[in-house]
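Student: Hey, I'm new to this one. Can you walk me through what's in it?

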Amino acid sequence: MDINIEATIWYLILLDCIGANVVALFFADWYRDKFETLHKYFPLTKSWTFVYLALVLWAGWLLYRLEILPW
């Protein structure tokens, strides 16, 4: 099965999701100090990044069932 645009976009979003979870779990103080203005509008919390991870995994499961993701 060939890699298509949907799979590529999903893998990029998965990388972003994993990065957001790592920052929320281990580097929350760094994010707050480094991005003071952005932190006011987009606070990085563990619960929201977990919801983000759950939604991305659910979308991946759907793409896998449609045989779009080649893993």
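Tutor: Helix α1 (residues 5–26) and helix α4 (residues 46–65) have axes that come within 9 Å and cross at roughly 160°. That makes α1 roughly antiparallel to α4, a label for angles over 145 degrees, with under 35 being roughly parallel, 65 to 115 roughly perpendicular and the rest oblique. The axes are lines fitted to C-alpha atoms, for helices over the stretch in contact, and angles run from 0 to 180 degrees between N-to-C directions. Helices here are DSSP runs (H or I, at least four residues), numbered from the N terminus.

Student: Before we go on, where does the model come from?

Tutor: This is a predicted model: local features need pLDDT of at least 70, side-chain atom pairs count only at pLDDT 80 or more, and totals for chains, interfaces and linings use all residues. Residues are numbered from 1 along each chain as its sequence is written, and side-chain values use heavy atoms, with hydrogens and water left out.

Student: Okay. Is the crossing of α1 and α4 left-handed or right-handed?

Tutor: Left-handed. The term means that the near helix is turned anticlockwise from the far one by less than a right angle, while clockwise would be right-handed.

Student: And which residues in α1 and α4 meet?

Tutor: On the α1 side they include Trp10, Leu14, Cys17, Asn21 and Ala24, and on the α4 side they include Thr49, Phe50, Leu53, Val56 and Leu57. Contact means heavy atoms within 4.5 Å.

Student: Let's pick Asn21. Buried or exposed?

Tutor: Asn21 counts as buried, at 12% relative accessibility. Buried is under 20% relative accessible area, exposed is over 50%, and partly exposed is in between (1.4 Å probe, protein chains only).

Student: What is Asn21 in contact with?

Tutor: Thr49, Phe50 and Leu53, leaving aside its neighbours within four places in sequence.

Student: Tell me about Leu53 then.

Tutor: Leu53 is in helix α4 and is partly exposed, with a relative accessible area of 22%. Not counting residues up to four places away in sequence, Leu53 touches Cys17 and Asn21. Leu53 and Leu14 are 39 residues apart in sequence, but their C-alphas are 7.8 Å apart in space.

Student: What about Ala24?

Tutor: Ala24 sits in helix α1 and is buried, with a relative accessible area of 3%. From Ala24 to Lys40 it is 16 residues in sequence and 15 Å in space, C-alpha to C-alpha.

Student: New topic: how many salt bridges does the count come to?

Tutor: One, taking a salt bridge as a side-chain nitrogen of Lys or Arg within 4 Å of a carboxyl oxygen of Asp or Glu. The side chains of Arg32 and Asp29 form the bridge, at 2.9 Å from N to O.

Student: Where do Arg32 and Asp29 lie?

Tutor: Both are in helix α2 (residues 28–34), three residues apart, which is about one turn of the helix. Arg32 is partly exposed at 38% relative accessibility, whereas Asp29 is exposed, with a relative accessible area of 52%.

Student: How many aromatic pairs does the structure hold?

Tutor: Three. In one of them, the ring centres of Trp30 and Phe35 are 5.7 Å apart and the planes are at 90°, so the pair is edge-to-face. In another, Tyr31 and Phe35 have ring centres 5.7 Å apart and planes at 45°, so that pair is tilted.

Student: What's the rule for a pair?

Tutor: Rings of Phe, Tyr and Trp (its six-membered ring) pair if their centres lie within 6.5 Å; planes under 30 degrees apart count as stacked, over 60 as edge-to-face and the rest as tilted. Ring pairs link Trp30, Tyr31 and Phe35 into a cluster.

Student: How exposed are those three?

Tutor: Tyr31 is buried, with a relative accessible area of 11%. Trp30 is partly exposed at 46%, and Phe35 is partly exposed at 34%.

Student: Last one: what is phi of Glu67 near?

Tutor: Near 60°, a positive value in a residue other than glycine. Most residues other than glycine have a negative phi. Glu67 lies in the segment after α4 and counts as exposed, at 57% relative accessibility.

Key:
Helix = DSSP H or I, 4+ residues; strand = E, 2+ residues; numbered from the N terminus.
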